[in-house]
Protein chains: 2
Amino acid sequence: MTRKLSAIFFDVDDTLYSTTEFAKIARENAIDNMIKTGLNISLENGMKELLEVISEFPKNYELHFNKLLSRLGENTYKGINPNLIVAAGIIGYHETKHNKLKIHSDVEEVVKKLVTTKIPMGIITAGLTIKQAEKIIRLGFNKYIDPSLVFITDECGYSKTNPKFYQLAIDRLNVPANEILYIGDSPESDVDPSKAVGMISVLIKRGGKYSNATSKVPPDFTINDFYDLEKILKSEFSLKI
Amino acid sequence: MTRKLSAIFFDVDDTLYSTTEFAKIARENAIDNMIKTGLNISLENGMKELLEVISEFPKNYELHFNKLLSRLGENTYKGINPNLIVAAGIIGYHETKHNKLKIHSDVEEVVKKLVTTKIPMGIITAGLTIKQAEKIIRLGFNKYIDPSLVFITDECGYSKTNPKFYQLAIDRLNVPANEILYIGDSPESDVDPSKAVGMISVLIKRGGKYSNATSKVPPDFTINDFYDLEKILKSEFSLKI
């Protein structure tokens, strides 16, 4: 029996690209640029301390570098205006966005095929509005989706675990929830709330940060990459791609 | 008669690089990227409206793009989440920093020679701390100066027209003010206050925004570019470069 598919939504972080890997490279480039500007520490120690700062002071990475310098102390940047070192960190981080923010190749390959089906595709993601919008644009993902179907928690006023957030997407499309497929990597923030509103929930497991977490309600499908998604779309929904 | 020279300070904007030209290119790239993301306006009209926004709401360009969209109205971005267009604008602006923030070639050439004299060089500049520090790093100017000799209005708590701001540099160096040369492009913000504390004041006129302004006290020297500066340093201060 074939199920009807009316729309597909994607999570962004660790679904379209490896946020975990990107963050590691961006932070390393930041510390590296700080060292080049005169900060006297090893990359290893800098990373260790920065990760501690991030765990203690979430969000707004620009201030993370200020806090890092507060901890390392003046003797690590003797005679250098510390703002030059903070700026070097920010630049190092930003340059990584310019160079390294790339969509997974399996995502690109499969989504390009999905565009030909004319099934509306969109984004449901958690984070700060402009930061998430920036990721979509930098990844070039806006060209594959209907740009009216972008839902960001900060913009919409919900958290990702609230099923009402997913209901916004259903209301916008005006199709039954059980014809809408949603793919994300978090059992708690993606699977549970999308199931709560009756969507078809796909859990993607790329070995990221939620590899040990489980959802209260099992997802409809579990995949390792978008090639697995392609198979499901063909077998369960008879998609011709 | 030869005068003694103990230090040289530089303004940043429209002295080390053309801030006016950079801002124009960055804004055009922002509007261009917004158009590519679906904003339905001409580059010309977009620039005209953006300049109006900037004149009415100074600082913080990220919100400028939001205000621009508010003015242009929904019919210019029908069906597109406006945050995607704002993000595209921000990315277009930032990419320009990555590609186009370059020191004037005459500045680079002359300052490279000045490094060999071992005369301390520094920065005295107006603006937001991290934005000004970012410019110094992106321009690569930190490698030519003593990185302890960086004074930014926002960091120091003064405005550029307050002579006390310039006094900070004198106190840091602990040399007579009349042995310190300062180069900037604004008669009111650079010449008058540096003269008020007794520095040697050089006005650079590259045809920028202050071309019609005059200082209350005349500068010691007026130059068109850093080649003129080089001549003065040789003739008046017997610098061997």
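Predicted model: local features only at pLDDT ≥ 70, side-chain atom pairs only at ≥ 80, totals over all residues.
The contact takes in 27 residues of chain B and 27 residues of chain A. The size of an interface is often given as the accessible area lost when the parts come together.

If you color chain B by secondary structure, look for helix 4 (82-100) and helix 6 (129-138), the elements that give two or more residues to the side touching chain A. Helix 4 of chain B provides the largest share of that side, 10 residues. Sorted by class, the side of chain B that touches chain A has 13 nonpolar, 9 polar and 5 charged residues.

Side chains of opposite charge can pair when their charged atoms come close. Between chain B and chain A, the count is 2 salt bridges. In a salt bridge between Arg138(A) and Glu95(B), the closest N and O atoms are 3.1 Å apart.

Now turn to chain A on its own. Chain A is divided into domain 1 (7-17 + 102-237) and domain 2 (21-100), and the centres of these domains, taken over C-alpha atoms, are separated by 32 Å. Their contact takes 6 residues from domain 1 of chain A and 7 residues from domain 2 of chain A. Together the two domains of chain A bury about 540 Å², 48% of it on carbon and sulfur atoms. Of the area that domain 1 of chain A buries against domain 2 of chain A, Lys102(A), Lys131(A) and Arg138(A) supply 61%, more than any other three residues.

What pairs up across this domain boundary? The interface of domain 1 of chain A and domain 2 of chain A holds 3 residue pairs in polar contact, both residues at pLDDT 80 or more, and 1 salt bridge. The side of domain 1 of chain A that touches domain 2 of chain A has 2 nonpolar, no polar and 4 charged residues.

Salt bridges also turn up elsewhere, and the whole structure has 32 of them over all chains. Within helix 1 (residues 19-36) of chain A, Glu28(A) and Lys24(A) form one, with the closest N and O atoms 3.0 Å apart. Because these residues are 4 apart in that helix, about one helical turn separates them. Glu28(A) is partly exposed at 25% relative accessible area, and Lys24(A) is likewise partly exposed at 49%.

A salt bridge between Glu49(A) and Arg71(A) spans 3.1 Å, N to O. Glu49(A) lies in helix 2 (residues 43-56) of chain A and Arg71(A) in helix 3 (residues 61-72) of chain A, so the pair ties together parts that are 22 residues apart in sequence. Glu49(A) is partly exposed at 22% relative accessibility, as is Arg71(A) at 29%. Glu49(A) and Arg71(A) also belong to a network of salt bridges that includes Glu52(A) and Glu56(A).

Key:
Residues numbered from 1 in each chain as written. Chains lettered and ligands numbered in written order. Heavy atoms only, no water. Contact = heavy atoms within 4.5 Å. Salt bridge = Lys/Arg side-chain N within 4 Å of Asp/Glu carboxyl O. Nonpolar A, V, L, I, M, F, W, Y, C, P; charged D, E, K, R; others polar. Domains from an automatic or database assignment. Buried area = accessible area lost by both parts, 1.4 Å probe. Polar contact = N/O pair within 3.5 Å; in protein donor to acceptor, adjacent residues only side chain to side chain. Buried < 20%, exposed > 50% of the residue type's maximum accessible area, 1.4 Å probe, protein only.
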